[in-house]
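Student: I would like a close look at one part of this model. Could you walk me through it?

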Amino acid sequence: MKKLILSICLLLSFPLFARSYDFIVQYHTPSLLQLANGGHSLSNWWNETPAASGYHSDLELRGTFANVGPVYFLGSASLGHSFSFTEFYSLSFTGGVGVNFIFNEEKNHLNGLSLILYPVYDLFFLQGNKTSPIGYKFAFDMGTTYAFKYVTFNFYCRNIMFDINGQFGDMFDFGLAVGFPFSLNFN
């Protein structure tokens with residue numbers, strides 16, 4: 001209960017830390033190799049189903065929370081979902097922090113080159129009666145976001161590191177997320 005009260009107090013004091021915040025809500029399309037998002041995603045590796053029988057993607061909220069000159073610090077939280085056409089597989093959470101080097105101060109502060117570390121990557125919190133051979137996952141990515149007035153395009157290269165049956169695994173993938181920018185101003 002104390003953690004909940006502290007979290008609510010921090011959210012309500014948000015306007016005290018800065019005058020404005022930029023956010024992007026973005027959906028991840030199938031990645032190039034479909035290891036991050038798509039039919040071959042690590043999130044679809046289940047002991048009870050054949051390989052590549054499902055689809056995984058993420059809905060992400062990314063936002064800035066502080067800056068030092070042209071470098072903006074950002075946070076990311078996403079809800080991942082895995083399913084096939086006939087069956088629900090799982091919901092998962094990914095959380096990360098990073099930096100963004102902006103291209104243009106007048107545009108959205110997420111418009112630029114970003115480096116993000118995801119210490120919690122695709123952590124299942126609802127997975128039905130499925131088990132996965134993939135254990136703990138973490139990731140980092142480098143990407144470029146182009147923010148226009150009503151739409152954003154985020155091109156990224158993601159490195160996913162994971163445990164599979166006690167062995168270390170490491171995979172790279174390239175992807176695109178399409179989103180919608182918005183700002184909160186507390187002036």
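Student: Leaving aside its neighbours within four places in sequence, which residues is Ile160 in contact with?

Tutor: Happy to. This is a predicted model, so to speak of local features we need pLDDT of at least 70, and side-chain atom pairs count only at pLDDT 80 or more, while totals for chains, interfaces and linings use all residues. Residues are numbered from 1 along each chain as its sequence is written, and side-chain values use heavy atoms, with hydrogens and water left out.

With those sequence neighbours set aside, Ile160 is in contact with Leu35, Ala36, Leu42, Tyr121, Phe138, Ala139, Gly169, Asp170 and Met171 (contact means heavy atoms within 4.5 Å).

Ile160 also belongs to the largest nonpolar core, which has 15 residues; such a core is a set of buried (under 20% relative accessible area, 1.4 Å probe, protein chains only) Ala, Val, Leu, Ile, Met, Phe, Trp, Tyr and Cys residues joined through side-chain atoms within 4.5 Å. Leu42, Tyr121, Ile160 and Phe162 touch the most other members. Strands E5 (112–126), E6 (134–147) and E7 (152–164) each give two or more residues to this core; strands are DSSP runs of E, at least two residues, and helices are runs of H or I, at least four, numbered from the N terminus.

How far to trust this? On pLDDT, the predictor's confidence in each residue from 0 to 100, the chain averages 82, and 82% of the residues score at least 70. Confidence is highest in E7, at a mean of 93, and lowest in helix H2 (residues 14–17), at 48. Where pLDDT is low, the predicted coordinates should not be read in detail.

Technical notes
Buried < 20%, exposed > 50% of the residue type's maximum accessible area, 1.4 Å probe, protein only.
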